Amino acid sequence: MEEEASSSTTTTTTTPLLRRRRWSPRVPATLRLKTTLCSEISGAVGDLGTYIPIVLALSLVTHLDLSTTLIFTALYNIATGLLFGVPMPVQPMKSIAAVAIAESATHLTLPQIAAAGLSTAAVLLLLGATGLMSVLYRFIPLPVVRGVQLSQGLAFAFSAIKYIRYDQDLATSKSGPPRPWLGLDSVALALAAVLFLVLTTGSGDNNNNADHHSGESSRRVRRRLRVLSSIPAALIVFLFGLLLCFARDPSIVNDLKFGPAKIRVLKITWEDWKIGFVRAAIPQIPLSILNSVIAVCKLSGDLFPDREASARSVSVSVGVMNFVGCWFGAVPVCHGAGGLAGQYRFGGRSGASVALLGVAKLVLALVFGNSFVGILNQFPIGILGVLLLFSGIELAMASRDMNSKEESFVMLVCAAVSLTGSSAALGFGCGIVLFLLLKMRQLECCSAFGFLNFTKPKSSIDDESQLGP
């Protein structure tokens with residue numbers, strides 16, 4: 001009887017548990033949400049202020065295949081979200097794009113752009129696979145890295161202000177007359193977007209420092225800030241910009257064609273390799289090493305101390321991505337510190353943020369193909385400038401952790417040289433030299449020049465006099 005009772009008890013207790021068990025898909029740990037879904041989606045559009053202008057300009061000037069670029073960058077976004085577990089961005093290589101767009105006399109062709117991307121990828125893949133990139137990351141002084149981040153962030157902010165204040169000809173990368181104050185792409189509209197983002201996201205810190213309030217007042221402030229931070233501000237601004245595209249030119253609806261473009265393999269000649277390497281890869285390689293690997297790894301450690309990306313994996317990732325996509329005409333890409341700062345600034349906290357962006361790009365590429373260029377061409381540049389402004393400021397604010405005047409001095413000189421010389425490599429070199437000189441000043445003469453120091457401290461002389469002859 002006791003055995004029957006125990007068996008019936010077991011049956012009655014386990015049956016409800018079995019009924020409650022339901023199958024649910026297992027989400028990889030790197031894609032699990034660290035915050036709300038709305039915040040992750042908002043963070044996904046945080047780097048579009050950089051992505052859209054470069055890709056659109058390349059599509060207009062060099063006839064870059066937008067459909068192919070969207071497909072491959074979508075796959076890159078999903079892969080990096082799975083691999084790194086942080087909102088690691090996928091951005092066009094800026095120096096290659098600048099050469100391809102700005103030098104109007106002889107624009108780079110698609111095979112030459114691909115050759116430049118493949119050459120840069122080969123260097124990064126070699127440095128990553130051999131472990132040399134990890135060595136560089138370990139021994140480069142922090143003030144120099146901060147100087148590179150500060151210069152890149154301020155460069156983004158300066159470009160953003162130009163986007164907001166002046167009309168832009170993306171095909172020539174030149175600023176036009178001052179932007180009108182009123183209209184569908186006006187200064188007033190951009191300023192309204194700035195005010196909205198400041199009110200909803202504050203300075204980028206979710207806590208927003210409500211500690212100076214007390215009691216019930218403190219709870220009300222925290223509650224209000226929690227509600228404001230839950231608003232997907234960047235996503236709202238971006239969707240508003242998309243609506244303005246159709247308001248500015250309703251005829252773009254007629255130009256939409258469904259279906260992706262055909263993917264083809266590029267034929268790269270020896271002449272293309274030579275031109276692409278000399279004109280575009282040589283200036284891109286130091287920028288990719290400093291900003292796309294070293295700076296982005298350091299920033300990932302600052303923002304996500306438990307999920308810091310390794311220099312080796314980031315370097316190999318850039319190499320593999322370009323070795324896959326450049327052969328098919330996709331834009332050369334890298335991982336930019338500015339994109340990571342922008343996605344974090346607007347709420348991205350996990351790999352799900354960039355994975356969702358990848359899914360959206362893939363849908364657009366498969367549904368609209370190259371006809372989506374017409375929509376992007378009508379996107380308000382002032383709105384893109386606003387998104388770029390916040391991304392640049394967030395990246396520049398990473399340099400606020402300098403603890404001494406000496407570190408700040410090295411950082412600021414490195415940033416100043418990078419900005420005025422328009423070369424991160426030049427600023428990096430000056431920063432390294434300056435850092436070493438300051439360290440040499442701290443060495444004693446006997447260590448620096450090999451001379452013995454016969455001068456005895458006063459305390460030791462006094463001690464000897466007390467000992468007697």
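The legends below describe an overall view and several close-up views of a predicted protein model.

Residues are numbered from 1 along each chain as its sequence is written. The model is predicted, so local features need pLDDT of at least 70, side-chain atom pairs count only at pLDDT 80 or more, and totals for chains, interfaces and linings use all residues, while side-chain values use heavy atoms, with hydrogens and water left out.

**Figure 1. Overall view of the predicted protein chain.** The chain has an average pLDDT of 86, and 86% of its residues score at least 70; pLDDT is the predictor's confidence in each residue, from 0 to 100. Over residues 1-19 the pLDDT is below 50, and this stretch has zero contacts in the model beyond near neighbours in sequence; contact means heavy atoms within 4.5 Å. Residues 451-469 also have pLDDT under 50, and for them the model has six contacts beyond four places in sequence. The protein chain contains 21 helices and four strands; helices (H or I, at least four residues) and strands (E, at least two) are DSSP runs, numbered from the N terminus. Of the 469 residues, 48% count as buried, where buried means under 20% relative accessible area, exposed over 50%, and partly exposed in between (1.4 Å probe, protein chains only). Among contacts between residues at least 6 apart in sequence, 82% join residues at least 24 apart. The accessible surface comes to about 23,400 Å², of which 65% belongs to carbon and sulfur atoms; accessible areas come from the Shrake-Rupley method with a 1.4 Å probe, and for residues only the protein chains shown count as cover.

**Figure 2. Helices H3 and H4 and the loop between them.** The axes of H3 (residues 48-61) and H4 (residues 66-84) come within 10 Å and cross at roughly 145°. Axes are lines fitted to C-alpha atoms, for helices over the stretch in contact, and angles run from 0 to 180 degrees between N-to-C directions. From H3, Tyr51, Val55 and Ser59 meet Leu66, Thr69, Leu70 and Thr73 of H4. The residues of this contact comprise four nonpolar, three polar and no charged; Ala, Val, Leu, Ile, Met, Phe, Trp, Tyr, Cys and Pro count as nonpolar, Asp, Glu, Lys and Arg as charged, and the others, Gly among them, as polar. An α-helix has 3.6 residues a turn, so residues three or four places apart point the same way. His63 lies in the loop between H3 and H4 and is exposed, with a relative accessible area of 62%. Although His63 is not a glycine, its phi is positive, about 60°. Most residues other than glycine have a negative phi.

**Figure 3. Thr50 in helix H3.** Thr50 counts as buried, at 9% relative accessibility. Leaving aside neighbours within four places in sequence, Thr50 is in contact with Gln91, Lys94, Phe156 and Leu388.

**Figure 4. Helix H6 and the residue that follows.** H6 (residues 110-130) has 21 residues and reaches 30 Å from its first C-alpha to its last, close to the 30 Å expected at 1.5 Å a residue; the expected span is 1.5 Å times one less than the number of residues. Because 15 of its 21 residues are buried, H6 is largely enclosed by the rest of the structure. Just after H6, Gly131 takes a positive phi of about 85°. Leu125 and Val320 are 195 residues apart in sequence, with a C-alpha to C-alpha separation of 7.2 Å. Val320 is in helix H13 (residues 311-325) and is partly exposed, with a relative accessible area of 41%.

Figure 5. Thr201 lies in helix H9 (residues 187-201) and is buried, with a relative accessible area of 15%. Leu228, in helix H10 (residues 215-229), counts as partly exposed at 27% relative accessibility.

**Figure 6. Asn291 in helix H12.** Asn291 belongs to H12 (residues 270-303) and is buried, with a relative accessible area of 3%. Neighbours within four places in sequence aside, Asn291 is in contact with Gln152, Val296, His335, Gly336 and Ala337.

**Figure 7. Phe435 in helix H19.** Phe435, in H19 (residues 424-441), touches Pro141 and Val410, not counting residues up to four places away in sequence. Phe435 and Val410 are 25 residues apart in sequence and 6.3 Å apart in space, C-alpha to C-alpha.
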